[in-house]
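Hi,

Here is the structure I said I would pass along. Have a look, and my notes follow below.

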Amino acid sequence: MEHGSIITQARREDALVLTKQGLVSKSSPKKPRGRNIFKALFCCFGAQHVGQSSSSTELSAYKEEANTIAKSDLLQCLQYQFYQIGTCLLPEVTEEDQGRICVVIDLDETLVHSSFKPINNADFIVPVEIEGTTHQVYVLKRPYVDEFLRRMGELFECVLFTASLAKYADPVTDLLDRCGVFRARLFRESCVFHQGCYVKDLSRLGRDLRKTLILDNSPASYIFHPENAVPVQSWFDDMADTELLNLIPIFEELSGAEDVYTSLGQLRAP
């Protein structure tokens, strides 16, 4: 098993391309992003519906694609109904979290960056066993991650959901989440493998989607539920980054929402 199959990460060059294309916002260390962070998200998922041709050939292809999408939507609906019966990914909501919004939070390039190559200023060094050999994983914490998690734990039911394997992500989260902010942890086996990507299907959680948010640096991770997403720029090693600090007031505003679709829509509005 290769190192790359343990940790699911964004590549630095991919993050730069996404930023240049406007698919992920780039925060400023001097000015909070505020409501503008959501505009890029709609651009990302709206672009695929632009520029359809009226020619018969393309129209036929479009109808075939629409049928495929309809079948996919039906499958997701059936999956949601199935998981509602009693095989949800999350346990029942605790008394402490009754009425709170559930926030699904990604790990790699959202809260931390990890490498099998030595990093001088690593915050954690985690041993990971791969095929009988122990390897050291060097982990950097994103700036303001402690303050961010502390505030999130005060406001939401927080769930860690990563496409990385538990043998790596579990010990990293033990070191990162000293205060027990995460009520549950979900790993790669809880993802849906869809078109080459590990997708986090929020309908499988067992939570009301109107009261569910996801924070993730990879749009592919929430492709089934883009309307529930708060996008965040991929982070690697910029110690001047203020993304998580800037997101705190956004989540404070969202914490009182009765319907996240309405609240996110208002935040995304110009």
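At roughly what angle do the axes of helix α4 and helix α6 cross? The model is a predicted one, and in it the axes of α4 (residues 145–155) and α6 (residues 243–254) cross at roughly 10 degrees and come within 9 Å. Angles under 35 degrees count as roughly parallel, so that is what α4 and α6 are to each other. On the α4 side, the contact is made by Val145, Glu147, Phe148, Arg151, Met152 and Leu155. α6 brings Leu244, Leu247, Ile248, Phe251 and Glu252 to it. Sorted by class, this contact has eight nonpolar and three charged residues, and no polar ones.

Next, the strands. β1 (residues 102–105) pairs with two others. Four bridges join β1 to β5 (residues 157–161), and the two run parallel. With β9 (residues 212–216), β1 also pairs in the parallel sense, again over four bridges.

One more residue for you: Thr110, in the loop between β1 and β2 (112–115). Thr110 has a relative accessible area of 0%, so it counts as buried. Apart from its neighbours within four places in sequence, Thr110 is in contact with Arg142, Leu215, Asp216, Asn217, Val232 and Leu244.

Cheers

Notes
Residues numbered from 1 in each chain as written. Predicted model: local features only at pLDDT ≥ 70, side-chain atom pairs only at ≥ 80, totals over all residues. Heavy atoms only, no water. Pairing = 2+ DSSP bridges. Buried < 20%, exposed > 50% of the residue type's maximum accessible area, 1.4 Å probe, protein only. Contact = heavy atoms within 4.5 Å. Axes fitted to C-alpha atoms, helices over the stretch in contact; angles between N-to-C directions. Parallel < 35°, antiparallel > 145°, perpendicular 65-115°, else oblique. Nonpolar A, V, L, I, M, F, W, Y, C, P; charged D, E, K, R; others polar.
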